[in-house]
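Hello,

Here is the structure for your files.

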Amino acid sequence: MMTFGELYELYMEDAKVRLKPTTYCNKEYIISLKVLPFFKDLPLASITPATIRKWQNQLFSTTYAREKSQLHYTQTYLKTINNQVSAIFNFAVKYYHLPQNPACLCGSIGKKRSDRISFWTLDEFRAFIVVYKDDILYYTIFMMLFWTGMREGKLLALTAADFNFSTQTISTTKSYSRLNGQDLIQKPKTSKSIRTITIPPFLCSIVQTYMNSIYRLHKHDRLFPITKHSILRYLHNGSQKAGVKK
């Protein structure tokens with residue numbers, strides 16, 4: 001009789017050839033830490049909606065226990081974890097004759113979207129950006145992020161060739177990530193993410209000044225040769241120095 005752990009191996013083998021490397025690694029990380037410790041050795045036939053609910057309650061208990069330290073799982077993260085379990089059972093239903101998905105029968109947990117998203121006001125951003133007024137790299141990075149709204153991965157994949165200063169536009173056709181110590185440039189998750197962004201003249205000027213500061217910049221070199229972790233670290237430190245919310 002197949003165990004959940006054996007099904008997981010089949011599922012991940014299939015997923016590896018269909019998912020982007022970063023997506024695959026995120027899935028593997030979540031399942032190995034939050035799912036397998038509970039389900040790995042259980043025979044599939046023994047997993048019922050009641051079993052799923054018991055596991056869900058453990059996640060809730062972990063969240064409740066961590067609330068005081070502010071390390072608890074968010075509602076959106078709880079849903080992400082639950083979705084991984086449901087996806088594995090859907091795989092078994094479709095390809096390995098499992099009669100039904102017990103996770104679907106049990107019902108989901110968490111929320112698809114966060115109840116509240118915190119934004120900086122323009123005044124808060126102005127207070128923050130002053131911290132990096134003499135650091136041309138991070139000044140340019142945070143001005144780009146704030147005034148274009150692009151994600152860090154898109155920003156970090158940009159090259160000089162992506163900018164057209166005559167039309168004041170940026171073409172976002174790729175995304176940067178770092179996996180197992182290697183830099184990866186990949187296509188965005190969806191076709192809607194490939195787009196052209198119009199930027200104001202003052203931002204064009206800031207980017208041009210930054211480009212001119214780079215020795216022997218080639219048009220296909222990454223403009224910002226850092227990682228997302230570095231951006232988050234400078235974001236956190238700058239927020240503290242400026243006295244604005246994270």
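Thr140 sits in helix α8, residues 136-148. Helices here are DSSP runs of H or I with at least four residues, strands are DSSP runs of E with at least two, and both are numbered from the N terminus. With a relative accessibility of 1%, Thr140 counts as buried. Buried means under 20% relative accessible area, exposed means over 50%, and partly exposed is in between, with a 1.4 Å probe and protein chains only. Apart from its neighbours within four places in sequence, Thr140 is in contact with Ile206, Val207, Tyr210 and Phe224; contact means heavy atoms within 4.5 Å.

**What kind of model this is**

This is a predicted model, in which local features need pLDDT of at least 70 and side-chain atom pairs count only at pLDDT 80 or more, while totals for chains, interfaces and linings use all residues. Residues are numbered from 1 along each chain as its sequence is written, and side-chain values use heavy atoms, with hydrogens and water left out.

**The chain as a whole**

The chain holds eleven helices and five strands. Its C-alpha trace spans about 65 × 40 × 30 Å along the principal axes. The radius of gyration is 22 Å, whereas a compact globule of 246 residues would have one near 18 Å. That radius is taken over C-alpha atoms, and the globule rule is 2.2 Å times the number of residues to the power 0.38.

Of the 246 residues, 38% count as buried. The accessible surface comes to about 15100 Å², and 52% of it belongs to carbon and sulfur atoms. Accessible areas come from the Shrake-Rupley method with a 1.4 Å probe, and for residues only the protein chains shown count as cover. Among contacts with a separation of 6 or more, 65% are between residues 24 or more positions apart.

**Strands**

Strand β1 (residues 163-164) pairs with strand β2 (residues 169-172) in the antiparallel sense over two bridges. Two strands count as paired if DSSP finds at least two bridges between them. Phe163 has Ile170 in β2 as its bridge partner. The two strands form a hairpin with four residues between them, and Gln168 in the turn has a positive phi of about 55 degrees.

β2 also pairs with strand β5 (residues 195-198), again antiparallel, over four bridges. There the bridge partner of Thr169 is Thr198 in β5.

**Salt bridges**

How many salt bridges does the count come to? The count comes to five, where a salt bridge is a side-chain nitrogen of Lys or Arg within 4 Å of a carboxyl oxygen of Asp or Glu. Three of them are described here.

- Asp162 and Lys174 meet through their side chains at 2.7 Å, N to O. Asp162 lies in the loop between α9 (152-156) and β1, and Lys174 in the loop between β2 and β3 (175-179), so the pair ties together parts that are twelve residues apart in sequence. Both Asp162 and Lys174 are buried.
- Lys133 and Asp134 form a salt bridge at 3.2 Å, N to O. Lys133 is exposed at 52% relative accessible area, and Asp134 is exposed at 70%.
- Asp123 pairs with Arg126, with the closest N and O atoms 4.0 Å apart. Both lie in helix α7, three residues apart, about one turn of the helix. Asp123 counts as exposed, at 57% relative accessibility.

**A nonpolar patch**

Leu122, Trp147 and Phe202 make a nonpolar surface patch of about 260 Å². Patches are made of residues with over 30% relative accessible area and no salt bridge; like charges are joined within 9 Å, and nonpolar side chains (Val, Leu, Ile, Met, Phe, Trp, Tyr) within 5 Å. Leu122 lies in helix α7, residues 122-129. Leu122 is partly exposed, with a relative accessible area of 33%.

**Positive phi in loops**

His97 is not a glycine, yet has a positive phi of about 65 degrees. His97 lies in the loop between α5 (75-95) and α6 (102-106) and counts as exposed, at 73% relative accessibility.

Arg216, also a residue other than glycine, has a positive phi near 50 degrees. Arg216 lies in the loop between α10 (201-212) and α11 (228-242), and at 64% relative accessibility Arg216 counts as exposed.

Regards
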